[in-house]
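User: I would like to learn how to read strands, sheets and ring contacts in a protein model. Please take me through one case.

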Amino acid sequence: MRSRTPDRLCAEAVELARAAAEEAARPGKVGDHVEVVADGDRVVTHYFLCEDPGYRGWRWAVTVARASRAKAVTLDETVLLPGSDALLAPEWVPWSERLRPGDMGPGDLLPTDAEDLRLEQGYSGEEEPLPSSAVSEEMAELVEAEDADVTAGPPRELPTAPRRGSIAALAEELGMRRARVLSRYGLHTAADRWDESHGSKTPMAQAAPASCVSCGFLVPIGGSLGQAFGVCANEFGPADGHVVSLSYGCGGHSEAAVMPRPPRPAPPVIDETRVDVLPLREDDEAAAPDTEEDLGHS
């Protein structure tokens, strides 16, 4: 139990405590003695102001003590503690919470947690499909419970959205309920634009550990463009919400935590890029004529 009354001999050892504080601090950085606090029987802590501008509101705490029936006061420890109005550093935040979209650059890796809620298990190689799969038993029962209706007329002429399970609903899903669609030229120009901005030749993709085709954050798209492109769904990635090439990549790959960096080749033992000029005979330099004397220059 902490004693309310400080020990008299320990409380009087102000100079001993100040000398210890000045030894720990830089010269002239220990201020006035502010208070004495009893930490226990014959254990007292002296507090001094800290005059260092970088530690505004901090105090030097020097703890002294003495043994039972002893008159000599000894030093226990000296520490710098913050006061009630001390200037403190902000609370530490893990890197995973400090990261913001757009912070990732070429060559940066963003390891994905094994329990990341944004990802789930893919195909495991077993014959049994996942519960969320379109061919699972649960989904098959839902399909059998619905009757497919045939709606007269082309889908684009329907005044309202067709009912689920009808042929018109399938046309709606495939994007056929429009007067015109992209031509082959329009598809090619779009593919060129997307590959130029988020393709395999970009600096981000060149420094990536793997391509988007194996990333769990890639959302596939339909149509012929889906064979070469998808949509990035990694909020911390540089291409979040953008159409990316399957050969694109970044450090936010879902498997970046388990992918080792490719080994760097060792430096060459012999540098074959340099050329060393060597004389054919040892006496070539000594036998070389003086150009100025042969031409008669002074």
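Analyst: What follows goes from the sheet to the rings. This is a predicted model, where local features need pLDDT of at least 70, side-chain atom pairs count only at pLDDT 80 or more, and totals for chains, interfaces and linings use all residues. Residues are numbered from 1 along each chain as its sequence is written, and side-chain values use heavy atoms, with hydrogens and water left out.

User: In what order do the strands of the open sheet come, and with what pairing?

Analyst: Strands (E, at least two residues) and helices (H or I, at least four) are DSSP runs, numbered from the N terminus. Two strands pair if DSSP finds at least two bridges between them. Here the open sheet has four strands in the order β1-β2-β3-β4, paired antiparallel. β1 and β4 (74-82) are at the edges with a single partner strand each, so one side of each lacks a neighbour in the sheet. On average, neighbouring strands are turned by 20° against each other, direction ignored; the axes behind such angles are lines fitted to C-alpha atoms, for helices over the stretch in contact, and angles between N-to-C directions run from 0 to 180 degrees.

User: How many bridges join β1 to β2, and how many join β3 to β4?

Analyst: Seven bridges pair β1 (residues 30-40) with β2 (residues 43-50), and E35 is opposite Y47 in β2. These two strands form a hairpin with two residues between them, and R42 in the turn has a positive phi of about 60°. Between β3 (residues 58-65) and β4 there are eight bridges, with W60 opposite L80 in β4.

User: Which helix lies across these strands?

Analyst: Helix α2 (residues 14-24) lies across β1, β2, β3 and β4, at about 115° to β1. Contact means heavy atoms within 4.5 Å.

User: How many aromatic pairs are there?

Analyst: Rings of Phe, Tyr and Trp (its six-membered ring) pair if their centres lie within 6.5 Å; planes under 30 degrees apart count as stacked, over 60 as edge-to-face and the rest as tilted. The structure has two such pairs. Y55 and W58 are edge-to-face, 5.4 Å centre to centre with 85° between the planes. W194 and F229 are also edge-to-face, at 5.5 Å and 80°. W194 is in helix α6 (residues 184-197) and F229 in strand β6 (residues 229-232), so this pair ties together parts 35 residues apart in sequence.

User: Is F229 buried or exposed?

Analyst: Buried means under 20% relative accessible area, exposed over 50%, partly exposed in between (1.4 Å probe, protein chains only). F229 is buried at 6%, while W194 is partly exposed at 25%.
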